[in-house]
Structures are given as structure tokens and as C-alpha cells.
Amino acid sequence: MQGGSSGIGYGLKYQARCISDVKADTDYTSFLTGTLSLKEENEVHLLRLSSGGSELICEGLFSHPNEIWDLASCPFDQRIFSTVFSTGESFGAAIWQIPELYGQLNSPQLERVASLDAHVDSVLWWPSGRCDKLISMDEQNIFLWSLACSNKSAEVLSKDSAGMLHSLSGGAWDPHDVNAVAATGESSVQFWDLRTMKKVNSIERAHVRGVDYNPKREHILITAEDESGIHVWDLRKAKAPVQELPGHTHWTWAVKCNPEYDGLILPVGSTRQRVNLLLNSYTDYEDSVYGLAWSSREPWVFASLSYDGRVVIESVKPFLPRL
Amino acid sequence: MATEAAPMDEKAKRMRDLLSSFYTPDPSISTPTSSISTSFDNINGPSFDADQYMDLMIKKSNLDVLLQRHVQMAAEIKNLDTDLQMLVYENYNKFISATDTIKRMKSNIFGMEGNMDQLLHKIMSVQSRSDGVNTSLFEKREHIEKLHRTRNLLRKVQQFIYDLPARLQKCIKSEAYGDAVRFYTGAMPILKVYGDTSFKDCRRASEEAIETIIKNLQTKLFSDSESIQARAEAAVLLKQLDVPVDSLKDKLLEKLEQSLDGLQINPDEASKLAEHNVSSKDEESNNQGPAKIHEDAVRGFSEAMRAYREIFPDSEERLFKLARALTTTHFENMELYIRKRVSAADFLGIFRIIWEDVVLMDEVLPEAALSDLSAEAAQVTLKQFVARTFSHLQQDISDTLLKFDINQKEVVDGEVLKVVLEASGKAEFRQLLDENTGIFVKMNDLLIGWIQKGFQDFFSEKIHAGLILVLAQLSVVIEQKVIPRIAEEITASFSGGNSQAFIPGELCRVFHAASEKLLQHYIDTRTQKISNVLRKRFKTPNWVKHKEPREVHMYVDMLLQQLEEVGKEVKQILPQGTFRKHKRSDSNGSNTTTSSRSTTLHSDKMARSNSQRARSQLFETHLAKLFKQKVEIFTKVEFTQESVVTTTVKLCLKSLQEYVRLQTFNRSGFQQIQLDIQFLKAPLKETVEDEAAIDFLLDEVIVAASERCLDVTPLEPPILDKLIQAKLAKSKEHNNNNNKTTVSS
């Protein structure tokens, strides 16, 4: 099936890189996305899939002071999310609260709950439930924050340095173990134990762009890499990948495991998008796709975001019986 | 008195006649003769008629005579009366006495009844007693009878034993050992028990005879000239004679085992064997080759096994072991053999020999499961062989690489290609796959698997990227040339078309997939290297605080150098594609017609407005999107020089774009990128067939940079041109210097 006429589209005003599933919203399938514009005023869009699943409605439009490089919705409070932003010269991160909406869409201000005052690359929430801790990473360090929404503060609980050469770029928090975090670095994927804040394990693999834990099976990790495609790893045997999947013609930017259907992997890249295990390829994109999120409410639905600011919602339902 | 007696007799006679006539109811029977002669005048006759007689008397006689007659008659009558009286009296007496007797008898009989009962009773008791006695004596009688019979038998046995030595001798003479053994074994128990008694001599004599027999039988058993039947019989007879056959068997089997050494395929001579095997196939008259000798030896061995199997039915296990041992040593030797470098033909030759051996032995000992065993062993050996072939292949390649100066890459790669394609592609794999001995048909799939795995292992190692390309090309050659040829040969040899195990289509698919994978891998390896260059370039400087561009950055040189390397490798290994520069629709793949138009439009626009575009950035990009999107940059890679180079360049430019997008630039940073890209344009277009796509991608980099730039002010074209010229001059000089140094050195 070529072409994505089946997808529901939504256009952002500017370029964008990140989209996140609003996991805490149990009533609607919603996504949060933020723009990446160097010179214009950036926006955060709260999108909701209409109950018929045929339309993508903008539920909220909020201005954001800087261009957004990463965005993550709080898994237990639908109004809270984190962004990683760039001020042009340096990166920062903040936790935001969406103000109560009374039907008006005229760009109300987001409430800044807390600032993670560091040179942040990536912010992680624990995906499996309520956990008032946050992880942030910059190129050399990994921080564990304690978040208190009520008094609008966040403080660093512990911190460890990965070393100058590692230049951490992102990571994933193990949904099976609140103390385990994977971080992608220049030449390896590193695993941290948050209790001791020490590195416990690593996979030597260069240029990993995206990493995701399999939420259905413990110890299984998926990585997306620049040139060599997608690899599935069993962390108990981290020497060699369990499985090797063909990636994109060019880089594979991100990969996400489906929260419900084991073995359903969605990678996106700078050329095309496709759902593994090669169920289908979605090619209806005009630019590189960097943002990607499965809906946790309707696990057959995913949202993808191409650089030109186009959000596309697709359903893999027609392919599911084949699994 | 005598005279008296006579008439008395006559009288008596007459009386008796009368009496008898009286008692006899039919007188005619008693006196048939006299009745006629004295019919009327015989007074005694039955037909006497008194009136006639009177008439006759009166007429004939006178008175005197009548008187006389009368007197006479009166006397006679008187006599008769007395006689009668007497008779009656006598009879009466008799009657009386008879009555008396009867009376007496009657009285005597009275009282007999009781006596008779008593008698019966007594007789009965007598009978029962007699029965008792009889039964009590029966057993003993039986026993006595048995004893009697035994005695007779014993007498016969005795006779037999006494005759035994003589008989045995006779048997020896006539070589009727079977009878002899039968006799002897018959007599054996007796001799054993009573050998010390009167049979002593007999026993000794027969034992001597039997010893001779045993000796004869043993020689018979060991002599190869005797028929198997005879030997088997001998063995059986020996066994019956309680001669320890097992030790004999052991001896024989040991001999057989020793003969195994002769049957082994000596690794050193194996090639000779294989050679001859091949040649003897060609000309059948050449029968004296070592292969033939070997075959005969194995045939002999299996014959011997057949014989022993019949002779010693209980020795199967041992024979199995032997046969297995032979097979195993065969394969062990084979392993030793292939440790050295062996051509596939030789390998297969040996393999064929072994297989034939196994078939021969399998005929004799089907239960030994030799074919299974050898199939397993063959699998292992084959695996090793395939592995070795690969290591040799690797060795070849590295040897070739070592042989030449590294600078002379052209020669090297050409040589590698030649070595690989000719030596391996055409000979080894073809022969391996071509093999149609039964076992190979079985294992074809496995073999293909190994070869494939070999390839995979091969290219997963970090080896020279060019080699990957060589392998990719090799796969193509195999797919396109070798497999059809094998298929041809197989169809030629199996006219029935039962070569289901070999599916050329499937193989082609496998190799096709392998070649594509390899090619992809090559491109990946190459682009990875270039990516590293780019990564370093973009990660190191602070682009927000970039200084004004003074010259084209040196990473451009590295990039071009890398691409040049790719170009060189590709040129040596891959075929040239059909020339199609400027055919822009190629890059657009199957996309709509508008896209091909849009690219032209786009490049026109590019030329026109390179400097202005950055200023009206948003409008430009959106406008551009309307036209240029949907351009399929990445078409399927083909096995041509151009396609591979183009794909590599495209991937690199795409990477460049992605790296740019991750940065934020100040004005100078943007200008630096602009300069670098401008410089790249000319050399890239030279190397690549798809100019439009390159233009597009280079443009994309500029667009990306402008999007990520805080202050987009492009360099003025004259400055741009000046800097580029400077760079060109510099690189020219550099090249010259390089050439000079190489010349001088």
C-alpha cells in the first residue's frame, strides 16, 4: 500500500521535530506537539482525535518561548508535559502545565511548573505509572530530579557524569524497572542504575538515534541507528543483537514499540516511514520524519510528525490480523 | 450151537428189521431191495398179502405140505410171540431202571441252588483278589519291561561305541565330517561318563580321530579357497565340537581389522586416487589405477564381511563396528586430506570413492546403518570443506592483497576479482553444487545454507569494503551465469528430471538477495565512513559563534577523497551501466510526470536565485515545496558503477542535510556552509549521473542551513567565486606537489 491517503493530517505552522502521546488522557486519544522555529514564536499544539477517528482537532494552542527540540507528556497528569528547548546558544528544559481551558483558543500562556536548570538534551518520564521523578540528560551528565508540582519546584536528587566523550543524546526509561535507564551516546548505549547512579551495562553501538524498551517483554530493547537499521537486543545477552531489521534507506531517526501489540515496531527516518515487521510502509511524507508516538489509548493508532510540520495519524488496524 | 447161532442171527436180524421198520415211519426207504424180490410170498415183506399167500398155498401144495406148513407156521408164530414177549420185557426193565435213575437224579438235584450261589460268590471274591494282585504287580512289570528295553538299547549303544573309532576313521577318509561330528557328539555324553570304564580304548581312539577332524576343519575354515558354504559349515561343526570358535572368530576378525589399514585412504595419496578415479571414468580401459585397486580391496573386504557374517551370525555387532570404523577412518582421513588445499574435483572424487565403499558395505550390512553414519560424517566433512574453501578463498584474497603494493589498488582489486571469479565462482561452487551423487542431492539445501552463511560471516567481519563489493559481484555472477549452467548440467545428467533438490530459481533468489545485501552493505560501510567525517565537522565548532568564512573547509576534501575511493573501487569491480546522464526522470522513479518537470523548473530556479532565496526563506521554501517535493531521491541500487556512486553521494548529501538541521548557525556559519556546498557542486556533478538529484540535495542542504540560521545573509557571488577559485588553485597545487613527490620517490 503506497501513499498515505488513509492518514489524517494536521499542519503545524512551522517546522517541528517532536510529538508525544498524552498518556494520562483516558477520555480521548490526544497528542502534544511543539514547533521548532528559530525566529518565529513557537507553539505547542494539543491535538485530539475526534471520536469517529476521522478528524484531528486542535484542542489547545499555546505559545512557547523557545524552539522545542523535545517534548514529553506526563504519564499521570494530562496537563503536565516537559519540553527541551534551545535558546539558540544553549539548551534548557522545563515542565509546563496546560492552563484550564474554558473553550477559548487564543494562545493562553502555559504555566511553567519548573525549570530543569541545566544544559538539557532530553527529558524522560517513567512510562509505567505515577512516579514523581524525572530524568534529564545533557551531553555529559545524567540527572535525576524530584518533581513537586504543588510547590512548582524541581530539585536534583542525584547526578552522574558519563564522561566528556560520550555526548549523550537521548534515552529511554525501562517500563519494567523504575531504576533502569538507557541512554544513547556517541559510541554506545549505556545503562544506568538510578539507585547508585552508576553505569551498569552498555551496548557498543555507534550512532544510535533512537532507543525504546519493549513494554511487553522485559529486557528487550530496540535501537535505531544511522546507517545500519534497526536492532533488537536482549539486555541479558548484550553482545550481539537478537534480531536485525532493515532500516530506512537513509538514517532511522526514531523507533517505538507498540504499547499493546508485541513485536509491532514503528521506525521513522529521513526517507520513509514504515511499520515493522514490515507490515506496511507509509510514504506520504514530504520531509524527514523525526517525531513519532503510538497512542496508548488506541494502540493501533500512531502519530508521526515530519519536519515540515505535518502531523499524520495512521491506523495499523487493517494489518493487525496478520500478526 | 453154531447152527443155532446162525438162525439166531437171522432171527435177531429179522427182529431188528422189524423193529426198525416199526420205528421208521417210511418203510420204503429202509428196505428198498427186498420188497421187490419177495413181494407176495415174503411173509416178512411189507407188501405181503395173506389172502394171496393162502390162495397160492392151496393151489400149489397138497395137504401134507399144507399141514407141514401149518405146523411150521404155528411154531414160527410161537417163536415170534416169545420173542416179542422177551422184547417187551426187556424194554420194560429198561424203562423201570430209567425211571429209577430219573427219580434218583431228581433227589440229587434238589439243594444244588444254594450251592451254586455259594459258588458264584466264591468265584467273585476270587476274581477281585486276582485283580488286586494284578494291579499291584503291574508297575513292576512295566518297569521290568522298560529295563528290558533299555537293556536292548544299551546293547546297541555298546555296539555303537565299540564301532565308533572305526566309523570315525571311515568318515575322515571320506571327508564326511558332518556325519563324524554327529556320531561323535552322539557318543560324547557316554564317553564322558563312562570313558574310564570299558570304553577307555574306544574313547581314546575316537578322541584321536576327532582331533584330526578338528584340525582338518580348522584348516578348512582358514583357507580362503574353500567356498563360504563349506567354511560356514566347518565353523558350525567346530562349534558343535565345543572348540572355542570365538577365539577363531577373533583371530579372523583381527585379520580383517588389519586389512582395514590397507583400505584406508591415505591422505597423501588421496589426490592421486581421486585423479585416477576421474581419469578412469574418462577411459574405462584404464583399470589399473589405484582407485580400481582400492575398489577391489573394499569389494574384497565387504565379501569377507559377508562371509564372516554368514559364518558367525553372532558376530554382527563386531562387523558393524568394523564397517563403522572403516567409514569413520575414511572420513577422518578425508578431514586430514582437506586440511591441505584441495580442489573441489579431488574432494568430490574422494567423496565418491567413500560413498561407493559405503554402498558396498551397506549392501552386506544393511543393519549397520552405514549410510546414515556416513551421511552424518559427510555432513561434517562437507561443512568443514565449505568452511575451508572459504578460508582458502579468504587466504587467496589476502594473499593477493599482500602480493601487490597497496598503492596499486587497481591491480589488486582487478587481481582479486580475477582470482575470486575464476577460481572460486566458476570452479569450486559450481562443482560443489553440481555434484549429483545421492548424498549431495540430499544435502544440497544444507550446502547452500552454508555457503550463504559463509558469505554472511564473511561480510559481517570488518574487512576491506572493496571485498564486499567483490562478493556482491560474485553473487551476481553466480546468480546469472553459474546457476543456469549448473541447472543445465543437472538436467543433462538427470534426464528423468528428478532433481527436485536443486531448484535453480530458489538458488538464484538466494544469491540475488545475497548480492543485494552485499551491495547494500558496501554502500552502508562507505557512507558510514563519510558520515564520520561529517559528524566531526558538525559537532566540533560552535556554529553560533562562527567566524567569517575565509576558505572552503577541508572536510570537503576528505569527502571528495572518500567518494573518489568509492568511484575507483566501483570502477574496477562493477560493470558500467548504460550511459544515461541528464536523463533526470530516472531519479524520480515511478513518480508522476509533474515531478520530472518540477525538477527542471527547480534547477532553473536554483541557478537564478541562489542568493536571493535565503532572504525570502519562508516563502521560498513553501513555494519550492509546491514543485519539488515528491522527488524520489532513493531509487533502487543497481549493479552498475554509476548507480552505486550516485547512491553513495545521495546518501552523503542527505546525511549532510540532517547534520545541518541539528545545528543553529549565525551568519558566518551559514556562509561557510554555502561556500562549502557551492564548491562541492562541480566535482559531485562530475562523478554522478543524476545531476538533478544532486542539485536538489545540495540545495536542500542550503535550505536546511538557512532555516537553522539566525541571520541569513548569503555571500555575494563574486566573493563566493573568489574563494572557490582560491581553493581550486590550492588543491591543484597540492595535487602537483603530490605528483612531484610520487615521481621523485
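1. Contact here means heavy atoms within 4.5 Å. With that in mind, and remembering that this is a predicted model, consider Ser668(B), which lies in helix H25 of chain B. Once its neighbours within four places in sequence are set aside, Ser668(B) is in contact with His546(B), Lys547(B), Glu548(B) and Pro549(B). The relative accessible area of Ser668(B) is 14%, and because buried means under 20%, this residue counts as buried.

2. The helix that holds Ser668(B) also packs against another helix of chain B: H25(B), residues 667–687, and H26(B) have axes 10 Å apart and meet at an angle of about 175°. Angles over 145 degrees count as roughly antiparallel, and the two helices are therefore roughly antiparallel to each other. On the H25(B) side the contact is made by Phe670(B), Ile673(B), Gln674(B), Ile677(B), Lys681(B), Leu684(B) and Lys685(B), while H26(B) contributes Glu691(B), Ile694(B), Asp695(B), Leu698(B), Val701(B), Ile702(B), Ala705(B) and Ser706(B).

3. Is each partner of the salt bridge between Arg236(A) and Asp234(A) buried or exposed? The side chains of these two residues meet at 3.0 Å, N to O. Arg236(A) has a relative accessible area of 56% and, because exposed means over 50%, is classed as exposed, whereas Asp234(A), at 8% relative accessibility, counts as buried.

4. A further salt bridge links Arg297(A) with Glu298(A), their closest N and O atoms being 3.8 Å apart, a value to read against the cut-off of 4 Å used for such pairs. Arg297(A) has a relative accessible area of 38% and is partly exposed, and Glu298(A), at 22% relative accessibility, likewise counts as partly exposed. Both values fall between the limits of 20% and 50%, which is why neither residue is called buried or exposed.

Methods:
Residues are numbered from 1 along each chain as its sequence is written. Chains are lettered from A and ligands numbered from 1 in the order in which they are written. This is a predicted model: local features need pLDDT of at least 70, side-chain atom pairs count only at pLDDT 80 or more; totals for chains, interfaces and linings use all residues. Side-chain values use heavy atoms; hydrogens and water are left out. Buried means under 20% relative accessible area, exposed over 50%, partly exposed in between (1.4 Å probe, protein chains only). Axes are lines fitted to C-alpha atoms, for helices over the stretch in contact, and angles run from 0 to 180 degrees between N-to-C directions. Helices (H or I, at least four residues) and strands (E, at least two) are DSSP runs, numbered from the N terminus. Angles under 35 degrees count as roughly parallel, over 145 as roughly antiparallel, 65 to 115 as roughly perpendicular and the rest as oblique.
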